[in-house]
Protein chains: 2
Amino acid sequence: MKNRVITISREFGSGGRTIGKMLAEELGIPCYDAELIHKIAKESGFTEKYIKDAGEYAPGGFLSSAFSNRIFGPTNEDYLWQIQYKIITELAEKESCVIVGRCADYILKDKADCLKVFIHADMDFRANRIVEVYGETEESPKQRLKSKDKRRAAYHHFYTNMKWGDSLNYDITLDSGRVGIDKCVNLIRQLY
Amino acid sequence: MKNRVITISREFGSGGRTIGKMLAEELGIPCYDAELIHKIAKESGFTEKYIKDAGEYAPGGFLSSAFSNRIFGPTNEDYLWQIQYKIITELAEKESCVIVGRCADYILKDKADCLKVFIHADMDFRANRIVEVYGETEESPKQRLKSKDKRRAAYHHFYTNMKWGDSLNYDITLDSGRVGIDKCVNLIRQLY
């Protein structure tokens, strides 16, 4: 039998990672979030910072033509994508788990019994939340969000050719600001 | 206090209307679906068939430029939109209810306490369902679905300028094929 995997895609600051962790704890299964996958991928020889940045930028830089530097073959980002693809596939083969981010829904689409979740919230909710969770920075919270949103959408679209946040790609999508974090955990758990 | 309204947008054949009716029955509130709103709008003087067709076509015809016939002022479709806008606003002012389709989520966005729901399902699930519910026709179920999907998306986008099915516009979206009709009713009810 295929393992059951909950994949959580989320807007930055929506609490998707928190929801994933809470779900995993309640279900007694591991939760792999971006940081953990970065660390594993690091074994590939890239620095953690490089991997973290690469995961948020569409190849070739966000504003340049994504294909411009591919004339000479795969880029570092492509190589990293392959490693990530392999790691996520192996995690899902090993056991049931929650995976947050990294296009896991796309990577596992024919490989595991996935419950595909997308978490979003409005700008105000997320702006308050990132200041609370990540602290203040020089850049305004809303500017940080806009920039993160754009990068995630571009990265996701580049490797999966799917529209970021399109409800058709998910079993359930929830507005965590309106529904509340605890209630999101509760509803998703009922579907697992 | 504002009335609480559940608005259900849905892909054709996804069971959104059935979910709306079941929810309304469980909650003991009325459910207004497209047909009922058509009938009320009919009092405007348009035939029911005309109204039904107009609700599925973007003004000016789906493939023509939507603005081409507006040089001479509002079209019949625009007039119908105004009536529909007024009817839906009045329904929401009167009492708590479920409203299926007709861009009610958009119309009520600042007027009522709305729980905004979108229901979708894959092609196979919907193709089986429309044959079951609406019977066979000469056109294949999948062709009917494709044509309906396009028309609804175009109509919705024309009047609301929102992307059809974009999860960001809804509190919850559900894949009724994967989740099941009964479970959808159950989850939405918990959010009400």
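Colleague: Which residues are linked in a network of salt bridges?

Modeller: The model is predicted: local features need pLDDT of at least 70, side-chain atom pairs count only at pLDDT 80 or more, and totals for chains, interfaces and linings use all residues. Residues are numbered from 1 along each chain as its sequence is written, chains are lettered from A and ligands numbered from 1 in the order in which they are written, and side-chain values use heavy atoms, without hydrogens and water. A salt bridge here is a side-chain nitrogen of Lys or Arg within 4 Å of a carboxyl oxygen of Asp or Glu. The network of such bridges joins A:Glu11, A:Arg126 and A:Asp149.

Colleague: To what count do the salt bridges come over all chains?

Modeller: One of the pairs is formed by the side chains of A:Lys163 and A:Asp166, which meet at 3.7 Å, N to O. Taken over all chains, the rule gives a count of 22.

Colleague: In chain B, how many residues apart in sequence are B:Arg126 and B:Asp149?

Modeller: The side chains of B:Arg126 and B:Asp149 meet in a salt bridge of 2.9 Å, N to O. B:Arg126 belongs to helix α6 of chain B and B:Asp149 to helix α7, so the bridge ties together parts whose separation in sequence is 23 residues. Helices (DSSP H or I, at least four residues) and strands (E, at least two) are numbered from the N terminus. The separation asked for is thus 23 residues.

Colleague: Are B:Arg126 and B:Asp149 buried or exposed?

Modeller: B:Arg126 has a relative accessibility of 3%. B:Asp149 has a relative accessible area of 17%. By the rule, B:Arg126 and B:Asp149 are therefore buried.

Colleague: What covers the buried residues of α6(B)?

Modeller: The buried residues of α6(B) are B:Arg126, B:Ala127, B:Arg129 and B:Ile130. Just after this helix, B:Gly135 takes a positive phi of about 85°. The cover over the buried residues includes, in chain B, α1 (16-27), α7 (141-160) and α9 (181-191).

Colleague: With which side chain does that of B:Asp33 meet in a salt bridge?

Modeller: The bridge spans 3.8 Å, N to O, between B:Asp33 and B:Lys21. The pair links distant parts of the chain, 12 residues apart: B:Asp33 is in the loop between β2 (31-32) and α2 (34-42) of chain B, while its partner is in helix α1.

Colleague: Where is A:Thr7 found, and which residues does it touch?

Modeller: A:Thr7 is found in strand β1 (residues 4-10) of chain A. A relative accessibility of 2% makes A:Thr7 buried. Contact means heavy atoms within 4.5 Å. Leaving out residues up to four places away in sequence, A:Thr7 touches A:Ile99, A:Ala104, A:Asp105, A:Leu108, A:Cys114, A:Leu115, A:Lys116 and A:Val117.

Colleague: About how much area do chain B and chain A bury between them?

Modeller: The contact takes 23 residues from chain B and 23 residues from chain A. Of the area that chain B buries against chain A, B:Asp171, B:Arg178 and B:Gln190 supply 26%, more than any other three residues. Buried area is the accessible area (1.4 Å probe) lost by two parts on being put together, summed over both. Carbon and sulfur atoms account for 47% of a total of about 1800 Å².

Colleague: Which element gives the largest share of the side of chain B that touches chain A?

Modeller: Across this interface the rule finds two salt bridges, one of them between B:Asp171 and A:Arg178 at 2.6 Å, N to O. The elements of chain B that give two or more residues to this side are β4 (113-120), β5 (172-175), α8 (176-179) and α9. The largest share, five residues, comes from α9(B).

Colleague: By what turn can chain B be laid on chain A?

Modeller: Copies are superposed by least squares on C-alpha atoms of residues with pLDDT of at least 70 in both. The RMSD is 0.0 Å, with a shift of 0.0 Å along the axis and a turn of 180°. The two copies are thus related as by a two-fold rotation axis, and 100% of the contact residues of chain B recur in chain A. The turn is 180°.

Technical notes: Buried means under 20% relative accessible area, exposed over 50%, partly exposed in between (1.4 Å probe, protein chains only).
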